[in-house]
Amino acid sequence: MGTLTFAIMLESFGLYSMAGLMIIVGLAIFEVTTPYSNWREIQKGNIAVALATGGKIVGLANIFRVVESYHESTIDIFVGGGFGFMLLLATYWLFEFLTPTLKVNDEIQKGNIAVGLLAFLLSIGVSLVVGAALVR
């Protein structure tokens, strides 16, 4: 184990800040892609929306965790993380598109916990695959 230095703490804070900013931006983009307000639904106690949103947060965090662990350059981290985010977003849209008999956004807004849980697990599962692919 190495010694924890001020330089390591400063670098860690920078990586934390970058990932946090990208997660906030990612959530803002996800917010405009849903026909409802995630945060209002969560305030109302909608567990399905909380699950779907939580999956996006964990998925984005996982992608940035992997990218930050394997890449030195700030540009590589932003590009890899941004690309991973776009793949996560595309997966969410595909989930809606490929299930025409199941209106995912409508079901999540109605509070269908099963659909919210599926969206949660899909986000995490895809982030594991995307994270692994970004470090090959």
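How far apart are the end C-alpha atoms over residues 6-30, and what percentages of the chain there are helix and strand? The end C-alpha atoms are 36 Å apart, and the chain is 100% helix and 0% strand. Helices (H or I, at least four residues) and strands (E, at least two) are DSSP runs, numbered from the N terminus.

The model is predicted; local features need pLDDT of at least 70, side-chain atom pairs count only at pLDDT 80 or more, and totals for chains, interfaces and linings use all residues. Residues are numbered from 1 along each chain as its sequence is written, and side-chain values use heavy atoms, with hydrogens and water left out. The protein averages a pLDDT (the predictor's confidence in each residue, from 0 to 100) of 93. At least 70 is reached by 99% of the residues.

Residues 75-95 are 100% helix and 0% strand, with end C-alpha atoms 30 Å apart.

F6 lies in helix α1 (residues 6-33). Its relative accessible area is 61%, so F6 is exposed (over 50%; buried means under 20%, partly exposed in between; 1.4 Å probe, protein chains only).

T91 belongs to helix α4. This residue is buried because its relative accessible area is 19%. The T91 side chain reaches the backbone oxygen of L87 at 2.8 Å.

Methods:
Polar contact = N/O pair within 3.5 Å; in protein donor to acceptor, adjacent residues only side chain to side chain.
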